[in-house]
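Please look over the sequence and the structure first, and then follow the points below, which are grouped by topic.

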Amino acid sequence: MSVQATARAGDHVAARFDPVRLHTTCHDATQAALVAGHPGLWVAVGMSWARPSVVDPESLVAFEAASITLFTQATLTALCAFDTRVSTSV
């Protein structure tokens, strides 16, 4: 089974980067996949929204470091694709 969700630009940003909201969303989506009988959740995210004018690169680094708890059970896999032409500081 394949499920694809596409957010409009800014849906996940909500005028600012919200690491708590993003962490909760990832956790809840993973749990929903497990409840539905899937072995986990695989997520691919285009990160071109993460320009320094939108989010401080250090905030992304801190979020990723704090998010290790989302991945310790091996039920969530995330691929974050950065375009270095857009976001050169990450």
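In which helix is threonine 30 found? Threonine 30 is found in helix H1, in a model that is predicted. The chain as a whole contains three helices and two strands, and read along the sequence these follow the pattern α-β-α-α-β.

**Confidence and overall figures**

- The mean pLDDT of the chain is 81, and 79% of its residues reach 70 or more.
- Over residues 6–10 the pLDDT is below 50, and beyond near neighbours in sequence this stretch has one contact in the model.
- In the chain, confidence is lowest in H2, where the mean is 90, and highest in helix H3, which covers residues 68–71 and has a mean of 94.
- Of the 90 residues of the chain, 19% count as buried, while the chain exposes about 6400 Å², of which carbon and sulfur atoms supply 59%.
- When contacts between residues at least 6 apart in sequence are considered, 73% of them join residues at least 24 apart.

- A polar atom of the side chain of threonine 30 lies 2.8 Å from the backbone oxygen of cysteine 26.
- Once neighbours within four places in sequence are left aside, threonine 30 is in contact with Leu41, Thr75 and Leu76.
- Leucine 34 is also found in helix H1, but at 31% relative accessibility leucine 34 counts as partly exposed.
- With neighbours within four places in sequence again left aside, leucine 34 is in contact with Pro39, Gly40 and Thr75.
- Leucine 34 and threonine 75 are 41 residues apart in sequence, yet their C-alpha atoms are 8.1 Å apart in space.

- In helix H2, which spans residues 57–66, Pro57, Leu60 and Phe63 are buried.
- Seen down the axis of H2, these buried residues fall within an arc of 120°, and they therefore line one face of the helix.
- As a general point, an α-helix has 3.6 residues a turn, so residues three or four places apart point the same way.
- The buried residues of H2 pack against helix H1, which runs over residues 19–35, whereas on the other side of H2 the residues Glu58, Ala65 and Ala66 are exposed.
- Serine 67 is found in the loop between H2 and H3, and with a relative accessible area of 3% serine 67 is buried.
- The side chain of serine 67 has a polar atom that lies 2.7 Å from the backbone oxygen of phenylalanine 63, and Phe63 is itself one of the buried residues of H2.

**The loop between H3 and E2**

- Alanine 74 has its place in the loop between H3 and E2, and although alanine 74 is not a glycine, it has a positive phi of about 60°.
- Alanine 74 counts as exposed because its relative accessibility is 65%, which is over the 50% limit for that class.

**The salt bridge and arginine 85**

- The structure holds one salt bridge, in which the side chains of aspartate 83 and arginine 85 meet with a distance of 2.9 Å from N to O.
- In general, side chains of opposite charge can pair when their charged atoms come close.
- Are the two partners buried or exposed? Aspartate 83 counts as partly exposed, at 24% relative accessibility, whereas arginine 85 counts as exposed, at 73%.
- Arginine 85 is found in the segment after strand E2, a strand that covers residues 76–81.
- Arginine 85 and serine 48 are separated by 37 residues in sequence, while in space they are 9.0 Å apart from C-alpha to C-alpha.

Notes:
Residues are numbered from 1 along each chain as its sequence is written. This is a predicted model: local features need pLDDT of at least 70, side-chain atom pairs count only at pLDDT 80 or more; totals for chains, interfaces and linings use all residues. Side-chain values use heavy atoms; hydrogens and water are left out. Buried means under 20% relative accessible area, exposed over 50%, partly exposed in between (1.4 Å probe, protein chains only). Helices (H or I, at least four residues) and strands (E, at least two) are DSSP runs, numbered from the N terminus. The arc is that of the directions from the helix axis to the C-beta atoms. Contact means heavy atoms within 4.5 Å. pLDDT is the predictor's confidence in each residue, from 0 to 100. Accessible areas come from the Shrake-Rupley method with a 1.4 Å probe; for residues, only the protein chains shown count as cover. A polar contact is a pair of N or O atoms within 3.5 Å; within protein, one must be able to donate a hydrogen and the other to accept it, and residues adjacent in sequence count only if both atoms are side-chain atoms. A salt bridge is a side-chain nitrogen of Lys or Arg within 4 Å of a carboxyl oxygen of Asp or Glu.
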